Amino acid sequence: MKTALITGATSGIGRATAIKLAENNYRLVICGRREERLEELKSQLSHFTEVHTLAFDVRDKEAVFAAIESLPEAFSTIDILVNNAGNAHGLDPIQTGNPDDWDAMIDINVKGLLYVSKAVIPQMTERKSGHIINIGSIAGLEVYPNGNVYCASKHAVDAITKGMRMDLNQFGIRVGAINPGMVETEFSEVRFKGDTERAANVYKGVAALQPEDISDVIHFVVSRPYHVNIADLMILPTAQASATILKRD
Ligand code: NDP
Ligand code: 8X3
C-alpha cells in the first residue's frame, strides 16, 4: 500500500484528493491547520484506509520539519507528496495591494511548498523513488489584472516544479504539476477574506470545476505505471478559455 501526504487536506482540492486516494486504497497523511476538520475527515476515511493527521502551518519552518519527523513508523515512508496547501489573499492592483497579503501568498504558496518538500525529499532520494505533485494554477502560466503577487507565487511553483524535476531526475523521482483554472472551493472566500457574496459572484453563471474534477486527475496521475510521469497538466472548465476569458450564462 502506498502512502500519500497531502497538504491543505481540510478543504477543496486537497480534501477531495484525500477522499479519492482513500477510496483507492492509499494510506494517507492529511495536513492542514484546522485540526477539527482533519479529525473529521480522518473518521470519515478510516473505514477505507489508515489515516494520520498532521496539523501545522506550512509557513512555520520548524513546525513543518517537526511534523514530518513525528510521523509514526507506519506512515513515515512517503511515496506521494501532494503540495496543495495555498490560497490567494486579495485581488488588488499592485499600487494598493496589502503587503500582508503579499507575505501570506509568498510564505504559504512558495516557501511553505519548499519547506514541506525539503522535509520529505531526503527519504525519496535515499530510496530513489517517490512522486511529487505540485498544485500550480493557470495563474502560474498567465498573469491577469490584479493577480500580480498570486500569479507570481504560482509562476514560482511552475519554476520550482521544473527545477525539482531536473534536480531529482538522477534519483528516479517523478515530479509533476497540476495547473487548474477555476475550481469552486473555499478559495474565493479566503481571497475575499470571508466576503461570501463576493466569493459566490466569482462562480455565478459559470460551470466551474469541482474539487472532484481535479482529484480524479490526481488519482489518474499517481496510478500510472512508474515509468510514466505526467509532467504538467492544465485543467480548465469548458466555460473558461484563459485566466480572463469566461463564458457566463
Ligand atoms: P481552499 O481554500 O478550499 O483550500 C486551501 C487549503 O490550503 C486548505 O486545506 C487550507 O487548510 C490549506 N492552507 C492554506 N493556508 C495554509 C497554511 N498557512 N498552512 C497549512 N495549510 C494551509 O482552496 P483550494 O482547494 O481551491 O486550493 C488548493 C490549491 O489549489 C491552492 O494551492 C490553490 O492556489 C490552488 N488552485 C485553486 C484554484 C481554484 O480556483 N480554487 C485554481 C488553481 C489552483 P487550513 O486552512 O486548514 O490550514
Ligand atoms: C486560482 C485560479 O484564476 O483565480 O489559481 O488565479 S485564478
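Where is Lys193 found? In this predicted model, Lys193 sits in the loop between helix H6 (187–191) and helix H7 (196–203). Its surroundings can be read against the chain as a whole, which is described next.

**The whole chain**

The protein chain has 8 helices and 7 strands. Its C-alpha trace spans about 45 × 40 × 35 Å along the principal axes. A compact globule of 249 residues would have a radius of gyration near 18 Å, and the 17 Å of the protein chain agrees with that. Of the 249 residues, 51% count as buried. Among contacts between residues at least 6 apart in sequence, 69% join residues at least 24 apart. The chain exposes about 11500 Å², and carbon and sulfur atoms supply 52% of that area. There are 25 positive and 31 negative side chains, and the centres of the two sets lie 5 Å apart.

E6 pairs with strand E5 (residues 131–135) in the parallel sense, over 5 bridges. One of the residues involved is His131, whose bridge partner in E6 is Arg174.

Ile218 lies in helix H8 (residues 211–222). Ile218 counts as buried because its relative accessibility is 0%. Neighbours within four places in sequence aside, Ile218 is in contact with Ile13, Thr17, Ile133, Ile135 and Ile178. The C-alpha atoms of Ile218 and Ala16 are separated by 10.0 Å, although the two residues are 202 residues apart along the chain.

Most residues other than glycine have a negative phi, and most peptide bonds are trans.

| Residue | Phi | Relative accessible area |
|---|---|---|
| Asn146 | about 70° | 33% |
| Lys193 | near 55° | 54% |

Asn146 is placed in the loop between E5 and helix H5 (148–167). Is Asn146 buried or partly exposed? With a relative accessible area of 33%, Asn146 is partly exposed. Lys193, at 54%, is exposed. Neither phi value belongs to a glycine: Asn146 has a positive phi although it is not one, and Lys193 is likewise a residue other than glycine with a positive value.

Key:
Residues numbered from 1 in each chain as written. Chains lettered and ligands numbered in written order. Predicted model: local features only at pLDDT ≥ 70, side-chain atom pairs only at ≥ 80, totals over all residues. Heavy atoms only, no water. Helix = DSSP H or I, 4+ residues; strand = E, 2+ residues; numbered from the N terminus. Rg over C-alpha atoms; globule rule 2.2 N^0.38 Å. Buried < 20%, exposed > 50% of the residue type's maximum accessible area, 1.4 Å probe, protein only. Contact = heavy atoms within 4.5 Å. Areas by Shrake-Rupley, 256 points an atom, 1.4 Å probe, with all protein chains shown as cover. Lys, Arg positive; Asp, Glu negative; His and termini not counted. Charge placed at Lys NZ, Arg CZ, Asp CG, Glu CD. Pairing = 2+ DSSP bridges.
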